[in-house]
Amino acid sequence: MKKDRIPAWKVIVIVICLILPSLIFLVGWYYNTYLIDDSLHVDNARFTGSKAVSDVSEKDKAMLDLITSVVTTSEHVNAASEDLNGSIQMVLRISAKSSYMYYRLYWISKNDSYICYYSDETGRLFRVSDTNVSALLNSGYLAELYPGSVPPVLLTADGSVILPSNGTWAYRNQAGSYEFVTLSFKEKNSQIFEQAGMISFNFSIEPVATSVNIYDEEEELIYYGTVAGLNEETLLETERLRVELSAQWGSTGDASVGQIEYSFYLNYLAPAQFEISSLSVEAGGLLAVRGTNIMTPSRVSFTSSPDITTTPVFYEDTSGTICLVPFSRKLEPGNYSLTFTYGGSSATYDVQVTESSSADRIMNYTQAQTEALSGDSILSELNTLLGQTTLVQSSGRTFLASMADPAESSAFSLVYEFGDRLTSGDFSFTSLGSFYSSSSGTPVKAVGGGAVQAIGYNSYLGNYIVIDHGCGLRTWYAHMNSAGVTIGQTVLEGQIIGSAGASGITDRYGFLLLASVGTQWVNPAALQHLPEQFLSSVKRK
């Protein structure tokens, strides 16, 4: 007997009825788990990052629902008619597995609140409803819109940041509730700082109350009081101090409130002292500064008025710390105040900068060489090359005080110096170094001890060698015929490093000597008069 077959459409209906509930569940699970992954970016800083619903708090789930509402219910507006200048911009990212959708939010401050717009990936602009704006502002995710959300920073006298060991910080949102901010804690007593002179601390936000306990090396309490009271305390009896500091900010109803504790050690030092080699210098020259009682040279700060357009760097040395201060040849003659600060100690020197001496020199460059020098490209190339050398950190000093003068050798004659105006035809330019003429192949010697940092070729310099003498000081040997050293090789003063030539742009055989301190070209002749009492008790042989 033949059985009746079930119509195909009935089979399809049955399958759909059986599978659809599971499909709906899976789609819902997929949506909740992957579609919105709780990725809210504010100024490229990710606030949250949970990937699975099981890892998301109730507050986070509410935020995800709010984001969905913002994206789906906002009103489309004409972008051209809305003024978004001065708005605070944020990026909202919604992800669906491996694909992402980005929305840019624009917050405009108005009457102690905000108006919010967002644009989608096509550039269309939407205005977020006032209800959703209020919900976003009170969500706890947009702390950057509240100035009071930024916790205070505690600094030592030299500007080092002291991280808290415990505490809380909260800001008041639009609804009047307080949102707590996550603080970065440091393990108790794991921080060590240096302090010279008077002990003092600075808060980025002045607290309403402070309390300080200071203990000596024997763990005896030697000070109890406020931060302000430390101004009258010198505490010179001990070299290592343990500090327990507590501060309070605000009260109920204020824009922010908090209580933060700090626990750290201070290596208490004798006040830093500075000495300068001279109170006068030619533009294009350099001075030496020595510091004592300085444990961390990188923490020495420097200011100048007027600005000398460079920041000298201190290096550790056998006699303390040393820095070389270069003065650009372009500086206007006059008085410049230089201030060096370390810990609670500072020293200011009034330095008189005089005009550098110079002369006019007639050169015999070819037409092609003159044309090559007539633009700004040569100087730009040299400054780029100079900047590249500073990417390699200079070491401590390796030279022994004043350096040699190549003109002392009968094999070389000084043709022109740093700052001289070189003229060829209708074109003239200012020299950045000193040129010493000789016959081709004459041995060229290092003017000071150091390490070979670079060997290369440049359209103007030709074949060149760079020697790092430490403390940011480098000498350059250009127009060379060949190099007799290798990169990284240690050389002594007077050691042959190559031979003189006529490579690059020059009108005669010899070599061009240049000098730099950091990113500043200086007069090589100044290296012949460095103050030995600042640099070494060892005299040059």
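The model is predicted, so local features need pLDDT of at least 70, side-chain atom pairs count only at pLDDT 80 or more, and totals for chains, interfaces and linings use all residues. Residues are numbered from 1 along each chain as its sequence is written, and side-chain values use heavy atoms, with hydrogens and water left out.

Start with the whole protein. It has 6 helices and 38 strands. These elements are DSSP runs numbered from the N terminus: helices are H or I with at least four residues, strands are E with at least two. Of the 541 residues, 47% are buried. Buried means under 20% relative accessible area, exposed over 50%, and partly exposed in between, with a 1.4 Å probe and protein chains only. The protein exposes about 27300 Å², and carbon and sulfur atoms supply 52% of that area. Accessible areas come from the Shrake-Rupley method with a 1.4 Å probe; for residues, only the protein chains shown count as cover. Now take the contacts with a separation of 6 or more: residues 24 or more positions apart account for 64% of them. A contact means heavy atoms within 4.5 Å.

Next, find helix H5, residues 377–389. Its 13 residues reach 19 Å from first C-alpha to last, close to the 18 Å expected at 1.5 Å a residue. The expected span is 1.5 Å times one less than the number of residues. Ile378, Leu382, Leu385, Leu386 and Thr389 are buried in H5. Seen down the axis of H5, its buried residues fall within an arc of 100 degrees, so they line one face of the helix. The arc is that of the directions from the helix axis to the C-beta atoms. An α-helix has 3.6 residues a turn, so residues three or four places apart point the same way. What do the buried residues of H5 pack against? Their partners include helix H4 (367–373), strand S32 (450–458) and strand S37 (510–517).

Two strands pair if DSSP finds at least two bridges between them. Strand S8 (residues 154–156) is joined to S9 by 2 bridges. Leucine 154 has isoleucine 162 in S9 as its bridge partner.

Last, the cysteines. A disulfide is a pair of cysteine sulfur atoms within 2.5 Å. By this rule the count is 0. The sulfur of cysteine 471 has its closest cysteine sulfur in cysteine 323, 8.6 Å away, too far for a bond. Cysteine 471 is buried at 2% relative accessibility. Cysteine 116 is also buried, at 0%.
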